[in-house]
Amino acid sequence: MLEAKIVCDKNFKIGNIDPRLYGSFLEHMGRVIYTGVYEPENLSSDDEGFRGDVLEKVREMGVTSVRYPGGNFVSAYRWEDGVGPRESRPRKLELAWKAIETNEFGTNEFIHWARKAGVEPIFTVNLGTRGIEEAVQYIEYCNFPGGRSTVNCEKTTVYKSLME
């Protein structure tokens, strides 16, 4: 029988581990967003509706980055539905989860939550039912003051949040 020997040298280093490896994601599934990170009626929630107990646990766990929108939800997500005044956002049937998506928690809310959680925000784009043009418009929305996009959305809040 052949024998193998493994030698571990704690001083041997190939390279640095990117801290984003210890990241996570938020998906609009079950209780992850609504009643999870965002629940205005919860006693531990702050003035933006973010649950303080969840924020505390995220910081305690050492999560470094959070991807949004995460999971299968992004496959049919229209980023335009989750920006602008909440009362103007469409309520839609989310086919993957067979539930109504209120879009109360969207891009602006995610940025504010990420800052409070002390995590690096990472955005994903829907290439399942949309394309590169919509992805570019989302990037423009989040990064250019006044926007250069043809999409008519409120840009100021997100831009300020990203630049802080």
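Residues are numbered from 1 along each chain as its sequence is written, and side-chain values use heavy atoms, with hydrogens and water left out. Because the model is predicted, local features need pLDDT of at least 70 and side-chain atom pairs count only at pLDDT 80 or more, while totals for chains, interfaces and linings use all residues.

The protein chain has four helices and five strands. Here helices (H or I, at least four residues) and strands (E, at least two) are DSSP runs, numbered from the N terminus. Along the sequence these elements follow the pattern β-α-β-β-β-α-β-α-α. Of the 164 residues in the protein chain, 38% count as buried. Buried means under 20% relative accessible area, exposed over 50%, and partly exposed in between (1.4 Å probe, protein chains only). Among contacts in the protein chain with a separation of 6 or more, 61% are between residues 24 or more positions apart, a contact being heavy atoms within 4.5 Å.

Helix H1 covers residues 52-61, and in this helix Val54, Leu55 and Val58 are buried. Seen down the axis of H1, these buried residues fall within an arc of 100 degrees, so they line one face of the helix. The arc is that of the directions from the helix axis to the C-beta atoms. In an α-helix there are 3.6 residues a turn, so residues three or four places apart point the same way. The cover over the buried residues of H1 includes helix H2 (107-117). Just after H1, Gly62 takes a positive phi of about 80 degrees.

Helix H2 is largely enclosed by the rest of the structure, because eight of its 11 residues are buried. The buried residues in H2 are Thr107, Asn108, Glu109, Phe110, Ile111, Trp113, Ala114 and Ala117. Just after H2 comes Gly118, which has a positive phi of about 75 degrees.

A search of the whole structure finds 12 salt bridges, each defined as a side-chain nitrogen of Lys or Arg within 4 Å of a carboxyl oxygen of Asp or Glu. One of them joins Glu60 and Lys57, at 3.6 Å from N to O. Glu60 and Lys57 both lie in helix H1, three residues apart, about one turn of the helix. Glu60 is exposed at 56% relative accessible area, and Lys57 is partly exposed at 45%.

Another salt bridge is formed by Glu109 with Arg86, with the closest N and O atoms 3.2 Å apart. Glu109 lies in helix H2 and Arg86 in the loop between strand S2 (65-68) and strand S3 (92-94), so this pair ties together parts that are 23 residues apart in sequence. Glu109 is buried, with a relative accessible area of 7%, whereas Arg86 counts as partly exposed at 33%. Elsewhere, salt bridges that share partners join Asp46, Asp47, Glu48 and Lys116 into one network.

Lys116 lies in helix H2 and Asp47 in the loop between strand S1 (24-25) and H1, so the pair ties together parts that are 69 residues apart in sequence. Lys116 is partly exposed, with 30% relative accessible area, and Asp47 is exposed at 76%.

The surface comes next. The accessible surface of the protein chain is about 10,500 Å², of which 55% belongs to carbon and sulfur atoms. Accessible areas come from the Shrake-Rupley method with a 1.4 Å probe; for residues, only the protein chains shown count as cover. On the surface, Val125, Leu127, Ile132 and Val136 form a nonpolar patch with about 350 Å² of accessible area together. Patches are made of residues with over 30% relative accessible area and no salt bridge, with like charges joined within 9 Å and nonpolar side chains (Val, Leu, Ile, Met, Phe, Trp, Tyr) within 5 Å. Val125 is found in the loop between strand S5 (120-123) and helix H3 (132-143), and counts as partly exposed at 34% relative accessibility.

Cysteines remain. With a disulfide taken as a pair of cysteine sulfur atoms within 2.5 Å, the count comes to zero disulfides. Cys8 counts as exposed at 71% relative accessibility, whereas Cys142 is buried, with a relative accessible area of 5%.
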